[in-house]
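Take a look at the model below before reading on.

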Amino acid sequence: MKPLMLGLVLLLSSMAMAQESVHPAGPVDPHPAISQDSTWAGSMVIIVVTMFIAAAVIGPVVRACMPPAPPDVPLHDMHADADVAHGHGHGH
């Protein structure tokens, strides 16, 4: 399986490298432009803070409504009907 995957990766990468890259003529700005309109930032902060407050309220409510967890049982007590010689009823 590994040689097949390696061959597939090599085939796809060689095909990608063989293709000519087409770049538009003219100046290309490789970096994204930062928005000059920052009116959305205040709304986003309010939304994020509201979500954290909602999670802080909802989390304890959900946890309080959950059924109690079963008590932890030590591994050696899980098979109470098994014999003491570690046979555990597997026919050994």
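Predicted model: local features only at pLDDT ≥ 70, side-chain atom pairs only at ≥ 80, totals over all residues.

Start with the length of α2. At 1.5 Å a residue, the 27 residues of α2 should span 39 Å.

The protein has two helices and zero strands. Helix α1 covers residues 2-18, and helix α2 covers residues 39-65. A loop runs between them, and S35 sits in that loop.

How much of this protein is buried? Of its 92 residues, 1% count as buried. Helix α2 is hardly covered either: among its 27 residues, the count of buried ones is zero. The protein exposes about 9,300 Å². Carbon and sulfur atoms supply 71% of that area.

Part of the surface is a nonpolar patch. Which residues make it? They are V45, V49, I53, V57, I58, V61, V62 and M66. Together they form a patch of about 730 Å². Take V49 as one of them. V49 lies in helix α2. Its relative accessible area is 43%, so V49 is partly exposed. The cut-offs behind that label are simple: buried means under 20%, exposed means over 50%, and partly exposed is in between.

S35 has 48% relative accessibility, so it counts as partly exposed. A polar atom of the S35 side chain lies 3.1 Å from the backbone nitrogen of D37. D37 has a further partner. Its side chain is joined to the side chain of T39 by a polar contact of 3.1 Å. T39 is found in helix α2. Is T39 buried or exposed? At 60% relative accessibility, T39 counts as exposed.

D37 takes part in contacts with S35 through its backbone nitrogen and with T39 through its side chain. S35 belongs to the loop, while T39 belongs to α2. Further along, V49 of α2 contributes to the nonpolar patch.

Key
Residues numbered from 1 in each chain as written. Heavy atoms only, no water. Patch = residues over 30% accessible without salt bridge, like charges linked within 9 Å, V, L, I, M, F, W, Y side chains within 5 Å. Areas by Shrake-Rupley, 256 points an atom, 1.4 Å probe, with all protein chains shown as cover. Salt bridge = Lys/Arg side-chain N within 4 Å of Asp/Glu carboxyl O. Helix = DSSP H or I, 4+ residues; strand = E, 2+ residues; numbered from the N terminus. Buried < 20%, exposed > 50% of the residue type's maximum accessible area, 1.4 Å probe, protein only. Polar contact = N/O pair within 3.5 Å; in protein donor to acceptor, adjacent residues only side chain to side chain. Expected span 1.5 Å × (residues − 1).
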